[in-house]
Amino acid sequence: IADGLEDERSYSELNGKTGVSLEIRKQSGTNTVDIARAIKQELARLATEIPHDIEVTAVRDSSRFIESSVRDVSYDILLGIALVVIVTLCFLLSVRATLIVATAIPTALVATFFAFYLLDFSINMMSLIAISLCVGLLVDDAIVVLESIHREVEEGRELKEAASVGTRNVATAVIAATLAVMAVFLPIAFTSGLIGVFFYQYGMTVSVAVALSLFVSITLTPMLSSRLLKKSGGHKGLFALLDRAYVHLETTYVKLVRFSLRTRWLVLLLAGAAVAVGIHFAGKVPLAFTSSTDRSEFLATIELPLGTGITAARRVVARVNNTMQGLEHINLVFTVIGSGAQAKANEISFYFGLTPKQQRDIHQREIMDRAREVLTVTVPEAKHISIAEVPWLSGSGLFGADVAMALSGPHLEQ
């Protein structure tokens with residue numbers, strides 16, 4: 001054991017203030033949000049024990065984007081439910097009928113969350129997107145059943161008999177339609193590879209939700225119809241205006257259908273042209289594994305010439321900080337020198353935090369392009385400069401670039 005000085009091989013700072021960085025990675029299979037909340041509670045406890053001149057800051061927190069995304073999707077689901085109810089009311093022109101149909105949404109959703117528990121699912125981006133997609137599908141079967149029952153009621157049948165006969169008339173069609181939807185989404189859940197990992201909960205959520213909506217439409221909907229539905233006695237006010245508009249729309253539609261039947265070759269020609277145009281432009285749509293997401297954060301790496309010491313690297317960091325903090329919408333610069341197992345002093349890693357996307361009118365991509373130009377001018381001696389989004393999968397060994405190329409062979413010289 002020797003008592004002496006050790007060479008400085010690493011360095012970190014936040015917005016120009018020197019500090020010590022600690023990176024915490026979750027174990028595989030654990031929940032990111034739960035771990036982040038536990039860490040924040042522990043940091044709050046440590047803040048009361050450490051000296052007042054030491055500040056503990058959570059610089060990079062991947063749970064923030066997850067929680068924000070969940071809140072946004074949850075709001076979209078509630079908005080979708082409200083719009084579905086409004087649209088249903090405008091077309092059914094009956095508050096009672098709308099309540100019967102709207103009951104199918106929370107009933108099927110609550111049952112879907114119970115299925116989450118049985119299948120050991122979590123409330124994440126894929127499952128919430130599946131639920132937001134299902135909001136409109138959940139009322140389809142109920143509307144078909146309700147319309148059939150309402151037609152029987154208008155023909156003079158007693159409510160209970162109308163509910164039974166109306167449901168029986170469309171049960172086969174409703175079951176076939178639901179099975180068709182499940183036939184589309186259920187195979188997605190069993191896709192192999194990395195895609196299957198992402199879409200398993202998505203496909204299962206949609207399939208379970210529409211199956212439950214089918215059960216609700218042939219059980220709960222007829223029961224409520226037999227209790228609440230009544231024969232229409234005419235419409236007044238706004239409903240009367242909408243009813244006249246629908247009559248006009250139906251008349252126009254009948255004329256259009258008759259015209260299409262008379263000119264069937266023209267219709268077939270237009271349909272074929274539409275398919276051809278769609279195929280043409282489909283080939284021009286770019287392909288990507290995931291879309292570019294504005295998470296209000298991005299990464300950068302600067303590789304200096306081999307042999308650059310920690311002191312020279314710190315001078316580069318000072319130049320970058322002064323330049324980058326002057327860019328609009330960049331409010332956090334976190335820097336680490338010598339990170340990783342090899343602790344290379346010539347490699348500098350940056351994490352940039354941006355203002356929330358709701359408070360700016362430009363996309364994160366534009367800010368990243370500006371940052372790339374600024375870094376190229378600020379650090380002309382750099383061998384390599386990389387800028388990329390924060391990867392969805394941490395620890396994968398990939399920097400997150402759009403294209404990655406690996407060369408291998410028996411002879412390095414060749």
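Is His329 buried or exposed? In the predicted model examined here, His329 is buried, with a relative accessible area of 13%. The residue is found in the loop between α11 (310-324) and β4 (330-337). Although His329 is not a glycine, its phi is positive, at about 80°. Most residues other than glycine have a negative phi.

A second residue of this kind is Ser296, whose phi is near 60°, a positive value in a residue other than glycine. Ser296 occupies the loop between α10 (264-282) and β3 (297-303). At 15% relative accessibility, Ser296 counts as buried, because the cut-off for a buried residue is under 20% relative accessible area.

Gln364 is found in helix α12, which covers residues 364-378, and counts as buried at 1% relative accessibility.

The overall form of the protein chain was considered next. Its secondary structure comes to 12 helices and six strands. The C-alpha trace spans about 100 × 60 × 50 Å along its principal axes. The radius of gyration is 30 Å, whereas a compact globule of 414 residues would have a value near 22 Å. Of the 414 residues, 32% count as buried. Among contacts between residues at least 6 apart in sequence, 74% join residues at least 24 apart.

Two of the helices, α7 (residues 159-189) and α8 (residues 193-228), pack at an angle of about 180°, and their axes lie 9 Å apart. The two helices are therefore roughly antiparallel to each other, since angles over 145 degrees count as such. The residues of the contact of α7 with α8 divide into 20 nonpolar, eight polar and one charged.

Within helix α7 lies Thr178, a buried residue with a relative accessible area of 3%. Leaving aside neighbours within four places in sequence, Thr178 is in contact with Asp141, Val210, Ala211 and Leu214. Thr178 and Lys284 are separated by 106 residues in sequence and by 33 Å in space, C-alpha to C-alpha.

Glu8 belongs to the segment before β1 (11-14). At 38% relative accessibility, Glu8 counts as partly exposed. Its contacts, with neighbours within four places in sequence left aside, are with Ile310 and Arg314. Between Glu8 and Met405 the separation is 397 residues in sequence and 33 Å in space, C-alpha to C-alpha.

Cysteines were examined last. A disulfide requires a pair of cysteine sulfur atoms within 2.5 Å, and by this rule the count comes to zero disulfides.

How values were computed
Residues are numbered from 1 along each chain as its sequence is written. This is a predicted model: local features need pLDDT of at least 70, side-chain atom pairs count only at pLDDT 80 or more; totals for chains, interfaces and linings use all residues. Side-chain values use heavy atoms; hydrogens and water are left out. Helices (H or I, at least four residues) and strands (E, at least two) are DSSP runs, numbered from the N terminus. Buried means under 20% relative accessible area, exposed over 50%, partly exposed in between (1.4 Å probe, protein chains only). Axes are lines fitted to C-alpha atoms, for helices over the stretch in contact, and angles run from 0 to 180 degrees between N-to-C directions. Angles under 35 degrees count as roughly parallel, over 145 as roughly antiparallel, 65 to 115 as roughly perpendicular and the rest as oblique. Ala, Val, Leu, Ile, Met, Phe, Trp, Tyr, Cys and Pro count as nonpolar, Asp, Glu, Lys and Arg as charged, and the others, Gly among them, as polar. The radius of gyration is taken over C-alpha atoms; the globule rule is 2.2 Å times the number of residues to the power 0.38. Contact means heavy atoms within 4.5 Å.
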